[in-house]
Amino acid sequence: MALIPSTILTGFLGAGKTTLLNRILQEDHGLRIAVIENEFGQENIDNEILVQDSSEQIVEMNNGCICCTVRGDLIVALTKLAQKRDAGEIQFDRVVIETTGLANPGPVAQTFFVDEEVGAHYLLDAVVTVVDARHAMTQLDEHEEAQRQVGFADKILISKTDLVDAAQLAELKTRLKRINPRAPMNQSDFGRAPLAEVLDIRGFNLNDKLELDPGFLTADEASDHGHHHAHDHDGEHEHVHTEACDHSNDHHHSHHSDDIAAFVFKSTRPFDPARLDEFLGSLVNVFGPRMLRYKGVLLMEGADRKVVFQGVHQIMGSDIGGKWGEDEERGSKMVFIGKNLPKDVFIRGLEQCLV
């Protein structure tokens with residue numbers, strides 16, 4: 001049987017996750033979705049729509065969706081749902097897990113790779129993060145969880161954009177790109193987001209596409225340019241700019257130095273597979289807890305196919321991708337998103353793995 005695609009929906013308190021979920025649970029979209037609320041707080045799905053016996057954990061909605069509130073172990077809840085589905089007691093085609101507003105989505109994502117029972121039934125599709133345009137700048141300043149939720153995202157939905165002006169929204173988007181340049185952004189006010197923007201994103205598929213925000217790439221290169229050589233002699237590689245910023249804006253967000261940020265490694269020289277394997281293994285051993293998401297499309301010495309890899313914390317997977325095209329420029333491109341990662345250590349080590 002095919003694995004059940006699963007989406008983790010995260011976002012800081014009050015961002016609008018519940019509004020989006022209420023829509024999923026009420027709208028006539030023809031999809032059978034099991035929604036798991038991994039909740040501990042007050043922010044529950046509107047009880048008006050859940051006419052339920054207090055002991056009943058699973059409620060079928062009018063549109064065929066299922067709502068399940070979990071106050072305990074997520075693994076147990078997922079396993080029970082799969083057993084009921086296999087037994088024909090309930091029907092659903094996919095799962096959406098809503099985390100609490102203060103949750104770090106990392107452990108939830110890892111569940112899908114670490115627990116055999118969960119891995120046998122479910123496939124993690126993506127982490128979708130809802131960001132509140134009005135309060136996000138303050139939340140990102142004050143709460144590392146808010147930064148982590150953005151760093152983990154495969155897709156970012158910005159809510160409450162009607163409450164900010166164009167300049168504030170632009171500044172927020174610049175900051176979000178700096179934290180996570182690989183997640184496309186869309187606006188989603190009042191929970192209005194087409195389900196296609198929430199489901200089937202395939203953020204965890206090992207494919208050989210590495211979509212990075214082009215604005216981030218040019219700014220990242222610009223900020224490295226000129227510092228690259230000037231600082232080599234003292235062993236310090238510039239307090240590396242992972243900010244994708246145009247320097248005329250520096251006064252704007254000099255005080256928003258996020259601990260979680262992204263950087264990119266690119267090279268047209270091929271990697272030595274054995275050296276790279278050993279180096280990536282050591283990076284994950286040392287920095288794994290601080291590495292939120294990372295992905296790469298790699299050019300290997302003597303290989304006519306791309307190699308793709310990606311990971312969450314210490315869990316890394318790799319695969320052979322498609323063939324390099326005749327006219328395609330060959331090279332490696334990798335993005336790392338993490339907390340206070342020493343960019344110079346990563347870049348120098350990777351350069352030493354090149355042939």
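This is a predicted model: local features need pLDDT of at least 70, side-chain atom pairs count only at pLDDT 80 or more; totals for chains, interfaces and linings use all residues.
View 1. Residues are numbered from 1 along each chain as its sequence is written, and side-chain values use heavy atoms, with hydrogens and water left out. Searching the whole structure turns up one cavity of 30 Å³ or more, and the volume of the largest cavity is about 70 Å³. Elements giving two or more residues to its lining are strand S6 (122-132), helix H5 (136-142) and helix H6 (144-152). (A cavity here is a set of points on a 1 Å grid over the protein atoms alone where a 1.4 Å probe fits but cannot get out; lining residues have an atom within 4 Å of a point. Points are joined across faces, edges and corners, and the volume is the space filled by probe spheres set on them. Helices are DSSP runs of H or I with at least four residues, strands are E runs of at least two, and both are numbered from the N terminus.)

**View 2. A look at who lines the largest cavity.** Among the lining residues are Phe 12, Thr 129, Asp 132, Gln 139, Leu 140 and Val 150. Sorted by class, the lining has seven nonpolar, three polar and one charged residues. (Ala, Val, Leu, Ile, Met, Phe, Trp, Tyr, Cys and Pro go down as nonpolar, Asp, Glu, Lys and Arg as charged, and the others, Gly among them, as polar.)

**View 3. Helix H3 (residues 105-114) is largely enclosed by the rest of the structure, because seven of its 10 residues are buried.** Buried means under 20% relative accessible area with a 1.4 Å probe, counting protein chains only. Val 108, Ala 109 and Phe 112 are among the buried residues of H3, and so are Pro 105 and Gly 106.

**View 4. Gly 16 sits in the loop between strand S1 (4-11) and helix H1 (17-26).** Why does Gly 16 count as buried? Its relative accessibility is 19%, and the cut-off is under 20%. Gly 16 and Leu 157 are 141 residues apart in sequence, yet their C-alpha atoms are 9.6 Å apart in space.

How values were computed:
On a 1 Å grid over the protein atoms alone, a cavity is a set of points where a 1.4 Å probe fits but cannot get out, and a pocket is an open set with protein on both sides within 12 Å along at least five of seven lines; lining residues have an atom within 4 Å of a point. Buried means under 20% relative accessible area, exposed over 50%, partly exposed in between (1.4 Å probe, protein chains only).
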